[in-house]
Amino acid sequence: MGLLVIVLLYSACKSNNQATLPILGNRQPVTKTVDGKTVTDTVYSTIPEFKFVNQYADTITGKSLDGKIYVADFFFTTCPSICPVMHRNMLNVYKEFKADDNFRIISHTIDPKYDTVPVLKKYADKMGISGNTWWLLHGTKDATYQIAKNYLVSVQEKNPQGEFIHDGYFILVDKQKRLRGTYDGTDPAQVTKLIADIKILKAEPDEAAAK
Amino acid sequence: MLVVLAVACQSDEQVEFNRYYSGGSLIYQTHCENCHGEKGEGLQALIPPLTDSVYLKNNKTSLACYLKNGLKGKIIINGHPFEGEMPATDLTPLEIAKVLTYVTNSFGNKAGIINVQLVEADLGKCR
């Protein structure tokens, strides 16, 4: 299987018009014996299992995203600095893919005390987002800050000025929950690239993508 | 040559307006654009656009106080309700005058200069 992946990747590389995205995060080779032969496979880091609640008060777990490409970010509804521009840009991603049931956007609030489920629902309504394409996720501070590390995103408690510190990255995750790209959500040009990269990922053959 | 002539023909008022307007454009980018947008378009029903010339005209003498102290509570912009909160700023009266001149003469607005004397007078009457 590992060999097959390499062959497929190699053939993908040979055709110039077929772009591929890198796989980010830590990786380690795993050697195992299959049918008496020694096979070396690469194991990529993936987003671990989680449990949050969305703006409709539905429980969202890793299973809810099985087989889906998704984009993750971190925000809070009262954010005065970068969040409005991030979500103005994210709205373009939403509009582009809202008809695709195999695509999701998840925005974790880093201020779960203020951003309760009803507050998140109101924010969604005011943003003009409906349906299940874009989930605003509420969870404990610990769970949210923990999963941020898996997305390689930096978030912190309130600083002495009472502001939350977080960076404005959008993280692209593939169907196998591997990180495939990070984009500055405050930069319209990078978000345009994100939209293009999602299309590349959607076109990626499942055989090559599967481990 | 033409440009030089055009500049030379500008009145003192026009020169002052241009100075306020271009300075205000930079202040807008730093302090306002993230929320209100590059074209003053706002953000959906969350953040009001800056395109309601009638609102800006009717509240002209309060605008400086809104920028200094922030704005909270329900307002109607272009016929739509908004009820978020705009944070207070530490802009100086001159910076407020510049950015107000920029906003009230951009995005389809055309209110003329709001100079620092007007802003200082308005700030003295903040509620």
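**Note on the predicted two-chain model**

1. Strand E6 of chain A (residues 103-109) pairs with E7(A) in the parallel sense, over 4 bridges. One residue pair to find on screen is His108(A) and its bridge partner in E7(A), Leu137(A).

2. Now the hairpin of E1 and E2 in chain A. Strand E1 (residues 27-34) and E2(A) pair in the antiparallel sense over 8 bridges. Thr33(A) stands opposite Thr38(A), which belongs to E2(A). There are 2 residues between the strands. Asp35(A) sits in the turn and has a positive phi of about 55°.

3. Is E2(A) largely in the open or buried? Strand E2 of chain A covers residues 37-44, 8 residues in total, and the number buried is 0, so the strand lies largely in the open. A residue counts as buried here if 20 or more other C-beta atoms lie within 10 Å of its own. In chain A as a whole, 33% of the 211 residues count as buried.

4. On domains: the assignment for chain A gives domain 1 as 2-44 and domain 2 as 51-202. The contact between them involves 6 residues of domain 1 and 7 residues of domain 2. On the domain 1 side, the touching residues are 5 nonpolar and 1 polar, with no charged residue.

5. Chain A overall has 6 helices and 11 strands. Take the contacts in chain A with a separation of 6 or more: residues 24 or more positions apart account for 65% of them.

6. The chain interface comes next. Here 9 residues of chain A are in contact with 9 residues of chain B. On the chain A side, helix H2 (83-97) and helix H3 (117-127) each supply at least two residues. The largest share, 3 residues, comes from H2(A). By class, this side of chain A has 5 nonpolar, 2 polar and 2 charged residues.

7. Chain B has 7 helices and 4 strands. From the N terminus on, its elements run α-α-α-α-α-β-β-β-β-α-α. Of its 127 residues, 25% are buried. Among contacts in chain B between residues at least 6 apart in sequence, 62% join residues at least 24 apart.

8. Why does the radius of gyration of chain B agree with a compact globule? A compact globule with 127 residues would have a value near 14 Å, and chain B has 15 Å, which agrees. The C-alpha trace of chain B spans about 50 × 30 × 25 Å along its principal axes.

Methods. Residues are numbered from 1 along each chain as its sequence is written. Chains are lettered from A and ligands numbered from 1 in the order in which they are written. This is a predicted model: local features need pLDDT of at least 70, side-chain atom pairs count only at pLDDT 80 or more; totals for chains, interfaces and linings use all residues. Domain bounds come from an automatic or database domain assignment. Two residues are in contact if their C-beta atoms, placed from the backbone, lie within 7 Å. Ala, Val, Leu, Ile, Met, Phe, Trp, Tyr, Cys and Pro count as nonpolar, Asp, Glu, Lys and Arg as charged, and the others, Gly among them, as polar. The radius of gyration is taken over C-alpha atoms; the globule rule is 2.2 Å times the number of residues to the power 0.38. A residue is buried if 20 or more other C-beta atoms lie within 10 Å of its own, exposed if 12 or fewer, and partly exposed in between; C-beta atoms are placed from the backbone. Two strands pair if DSSP finds at least two bridges between them.
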